[in-house]
Amino acid sequence: MAFHMDVGMTDLFARLYELLTGASSGGAMLLEIPYSIGVGLGILLFFHHFARRKNQAEPTPLQVQMRVYENDVDTTVIEADERKHTQEKKEERGGTAAPKSHDLE
């Protein structure tokens, strides 16, 4: 509901009603009721609340986002470790290396 208040859905529906019918609206409008039903049905269908038996092989949207997050964390840790080893190899070869953060203090 906070989204609807932030964007002023009541005003938007009133304006759309005026544009479509040419008359100002009073009370519950013809656009609000189907919109509300559609939002509710969309949420129920998206999260598979009508399925009699859940397909356990299919991940939920939250599980998909958690997997993406885990992959991002793993990739970041691996890249940071590779940078560290590359930097150490440069120092061993006598190359100039940027000062480490603890050397700056």
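What percentage of the 105 residues in the chain do buried residues make up?

1. Burial and basis of the model. Buried residues account for 4% of the 105 residues in the chain. This is a predicted model, and the values discussed below should be read with that in mind. The chain exposes about 9,500 Å², and carbon and sulfur atoms supply 59% of that area.

2. Architecture. Among the contacts in the chain with a separation of 6 or more, 6% are between residues 24 or more positions apart.

3. Confidence. The mean pLDDT of the chain is 80, with 79% of the residues reaching 70 or more. Confidence is lowest in helix 1 (residues 2-7), where the mean is 75, and highest in helix 4, where the mean is 92.

4. Met29 is placed in the loop between helix 2 (9-21) and helix 3, and it counts as buried because its relative accessibility is 4%, which falls under the 20% cut-off. Once its neighbours within four places in sequence are left aside, Met29 is in contact with Thr10, Phe13, Ala14 and Tyr17. For one of these residues, Thr10, the separation from Met29 is 19 residues in sequence, while the C-alpha to C-alpha distance between the two is 9.5 Å.

5. Helix 3 and the residue after it. Helix 3 covers residues 32-46, and its geometry can be checked against expectation: at 1.5 Å a residue its 15 residues should span 21 Å, and because the end C-alpha atoms are 21 Å apart, the two values agree. Just after helix 3, His48 takes a positive phi of about 60°.

6. A nonpolar surface patch. Which residues form a nonpolar patch on the surface? The patch is formed by Ile33, Ile37, Leu41, Leu44 and Leu45, which together have about 440 Å² of accessible area. Leu41, one of these residues, lies in helix 3 and counts as partly exposed because its relative accessibility is 39%, a value between the limits of 20% and 50%.

7. How many salt bridges does the count come to? The count comes to 2. In one of them, the side chains of Glu70 and Arg67 meet with an N to O distance of 3.9 Å; both residues lie in helix 4 (residues 61-92), 3 residues apart, or about one turn of the helix. Glu79 forms a salt bridge with Arg83, with the closest N and O atoms 4.0 Å apart, and these two residues are separated by about one helical turn because they are 4 residues apart in helix 4. An α-helix has 3.6 residues a turn, so residues three or four places apart point the same way.

Conventions. Residues numbered from 1 in each chain as written. Heavy atoms only, no water. Buried < 20%, exposed > 50% of the residue type's maximum accessible area, 1.4 Å probe, protein only. Contact = heavy atoms within 4.5 Å. Areas by Shrake-Rupley, 256 points an atom, 1.4 Å probe, with all protein chains shown as cover. Patch = residues over 30% accessible without salt bridge, like charges linked within 9 Å, V, L, I, M, F, W, Y side chains within 5 Å. Expected span 1.5 Å × (residues − 1). pLDDT = per-residue confidence, 0-100.
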